[in-house]
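Biologist: I am new to this model and would like to know what stands behind the words used for it. Please take me through the terms one at a time.

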Amino acid sequence: MLPSQALLPAVVFALTALQALASDTFIAAVYEHAVILPDPSEEPASPNDALALMNKNMDVLEGAIKEAAQKGAHIIVTPEDGIYGWRFTRESIYPYLEDIPDPVVNWIPCTDPSRFGPAPVQERLSCMARNNSIYVVANIGDKKPCNSSDPKCPRDGRYQYNTDVVFDPQGKLVARYHKYNLFRSETQFNYPKEPEAVTFETPFGKFGIFTCFDILFYEPAVVLVTKMQVDTVLFPTAWMNFLPFLTAIEFHSAWAMGMGVNLLSANTHNTSMAMTGSGLFTPEGPAAYHYDSATEEGRLLLAELSTHPRLSPTYPPAVNWSSYATSIKTFPGENNAFLGAVRKDMFTFSELRHKDGSYTVCQGDLCCHLVYQMSNKRKDEVYVLGAFDGLHGSLIKYHWQICTLLKCPSTNLSMCGEPVEMAQTKFEMFSLSGTFGTSYVFPEVLYSGVQLAPGEFEVLRDGRLKSKHGTSKPLITATLFGRLYEKDLPHPLRTSL
């Protein structure tokens with residue numbers, strides 16, 4: 001007979017599972033972590049020093065995990081780079097890596113820590129999940145030896161992967177994901193030979209997982225939703241915010257709405273790197289989110305989400321994203337269109353010169369149409385309608401189609417497209433649509449102060465992004481982000497080092 005202490009986690013897990021099965025909802029948590037970083041160095045840390053740093057970060061994460069569990073959370077997601085940071089070369093990150101086995105091995109590191117060699121980080125994460133009876137999602141580094149029989153084996157004889165792991169409430173490793181779309185600065189890691197579509201079943205739905213930059217690409221992000229039919233995506237990220245379009249809360253909320261799934265987004269927090277913005281996002285909009293560029297504090301977020309959002313009575317209907325815009329027989333003129341740069345992307349803009357009106361602007365195969373009415377036309381604020389149809393990115397290039405109602409930083413039109421966080425103009429109404437050549441379109445509205453607008457806009461079946469009752473706060477952008485995955489250029493770096 002097992003000791004009663006050993007039985008306790010299994011009993012708690014069983015009760016938690018039964019509770020989740022009895023409900024159409026579950027409680028999810030994400031933690032935005034202000035990562036304790038190692039001292040910058042080209043030289044590798046000693047294994048003891050590396051573990052000491054990781055334990056400092058895991059001390060913080062463990063506190064968040066305990067709090068989430070006490071508040072009833074069934075699962076918690078922690079950020080990419082949340083255990084050791086990002087200041088590494090290929091050599092200097094090595095002491096932080098562990099050998100992470102395939103979950104088919106049926107392993108609980110908390111109770112059998114040495115089965116696959118030293119694994120103190122996996123052991124501690126497993127125990128956090130087991131001791132708190134909660135699914136724990138974390139981002140760590142995997143190392144895999146290779147030799148000359150593998151023609152892609154790196155010169156140092158090992159593969160190194162940016163890796164997400166998931167431990168269930170018994171502490172068992174149930175998922176391992178190797179990041180497929182590395183950001184250009186992640187030279188310390190290798191690309192997996194093939195993209196991984198990682199899913200796992202829980203008492204409260206089917207989950208998929210990927211990391212940060214992955215969200216912008218067809219594999220694995222779209223594959224998980226359209227082919228694997230996951231209910232919820234787990235998303236550890238280290239996202240640097242770029243206004244006016246690629247702030248974390250803005251795009252991640254838009255992606256969840258456009259793809260029709262829950263997205264549990266946990267970001268790292270580092271104001272010097274413009275990293276902040278986490279949330280629990282649903283097909284109907286954000287259930288909870290956090291954006292803080294002023295302090296250096298972490299933040300725990302919790303929300304009750306639908307277990308199977310596609311079965312929810314409030315699940316948004318299917319959208320034909322080009323239906324309305326292509327039905328307009330006569331578009332208004334180009335209204336003195338001009339070019340303006342959003343970072344390095346050249347948009348075609350048209351200034352909204354009146355308090356209300358109807359405007360169209362075109363670029364490439366995309367025409368964007370806007371009907372609007374401002375509450376008051378201010379002389380010191382300029383808004384434009386913008387269109388972009390082309391490749392984005394300096395090294396890794398992928399194809400966007402974007403329609404946007406956008407505030408400019410000043411009355412100088414040459415500055416349109418540059419970052420702006422504050423506005424004073426509200427709108428009585430707006431309706432934005434475009435002749436998109438893709439079914440993958442992500443809608444979002446961003447208010448002054450980098451705030452979302454949950455419940456204040458809707459997407460009609462004919463592809464119009466509309467305000468419901470005007471804007472309650474001044475508007476920065478209203479945007480439809482379209483992705484033409486089939487026009488992406490081949491990835492230039494997806495080879496092993």
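Modeller: This is a predicted model. In it, strands β6 and β7 pair in the antiparallel sense over four bridges.

Biologist: What makes β6 and β7 a pair?

Modeller: Two strands count as a pair if there are at least two bridges between them. β6 and β7 have four bridges, so by the cut-off of at least two they pair.

Biologist: Which residues of β6 are on its covered face, and which are on the uncovered one?

Modeller: Phe200 and Thr202 make up the covered face of β6, while Thr199 and Glu201 make up the uncovered one. In a regular strand the side chains alternate between the two faces of the sheet.

Biologist: How do β7 and β8 run, and how many bridges join them?

Modeller: β7 and β8 run parallel and are joined by three bridges. The cut-off is at least two bridges, so they too are a pair. Gly208 stands opposite Val233 in β8.

Biologist: What makes β8 mostly covered?

Modeller: Six of the six residues of β8 are buried. Thr232, Leu234 and Pro236 lie on one side, with Val233, Phe235 and Thr237 on the other. Both faces of β8 are covered.

Biologist: Which residues of helix α4 are buried, and what covers them?

Modeller: In α4, residues 218–226, the buried ones are Pro220, Ala221, Val222, Val223, Leu224 and Val225. Their cover includes strands β5, β6, β7 and β8 and helix α5.

Biologist: What is the phi of Ser133, and is Ser133 buried or exposed?

Modeller: Ser133 has a positive phi of about 50° although it is not a glycine. Most residues other than glycine have a negative phi. Ser133 has a relative accessible area of 11%, and buried means under 20%, so Ser133 is buried. It lies in the loop between α3 and β3.

Biologist: Why is Arg343 called partly exposed?

Modeller: The relative accessibility of Arg343 is 46%. Partly exposed is the range between the 20% cut-off for buried and the 50% cut-off for exposed, so Arg343 counts as partly exposed. Arg343 also has a positive phi, about 55°, and is not a glycine. Its place is in the loop between β13 and β14.

Biologist: How do you know that Leu311 is exposed?

Modeller: Leu311 has 71% relative accessibility, and exposed means over 50%, so Leu311 counts as exposed. Leu311 is in the loop between β12 and α6. From C-alpha to C-alpha, Leu311 and Asp231 are 9.9 Å apart in space, and in sequence they are 80 residues apart.

Biologist: Which residues touch the most other members of the largest nonpolar core?

Modeller: This core has 72 residues, and Ile75, Leu234, Phe251, Trp255 and Leu264 touch the most other members. Helix α5 gives the largest share, seven residues. The core draws at least three residues from each of domain 1 and domain 2. A second, separate core of 36 residues includes Met54, Ile83, Ile134 and Val165.

Biologist: Where are the two domains, and how many residues are in contact between them?

Modeller: The domain assignment gives domain 1 as 25–311 and domain 2 as 322–487. Their centres, taken over C-alpha atoms, are separated by 32 Å. In domain 1, 27 residues are in contact with 31 residues of domain 2.

Biologist: How many cavities of 30 Å³ or more are there, and what lines the largest cavity?

Modeller: The count comes to one cavity of 30 Å³ or more. The largest cavity holds about 120 Å³ of space. It is lined by 14 residues, of which Phe245, Leu246, Val342, Asp345 and His392 are the closest to its centre. Strands β14, β17 and β18 each supply at least two residues of this lining.

Definitions and conventions: Residues numbered from 1 in each chain as written. Predicted model: local features only at pLDDT ≥ 70, side-chain atom pairs only at ≥ 80, totals over all residues. Heavy atoms only, no water. Buried < 20%, exposed > 50% of the residue type's maximum accessible area, 1.4 Å probe, protein only. Contact = heavy atoms within 4.5 Å. Core = buried A, V, L, I, M, F, W, Y, C linked by side-chain atoms within 4.5 Å. Domains from an automatic or database assignment. 1 Å grid on protein atoms, 1.4 Å probe; cavity = no way out; pocket = protein on both sides within 12 Å on 5 of 7 lines; lining within 4 Å. Points joined across faces, edges and corners; volume = space filled by probe spheres on them.
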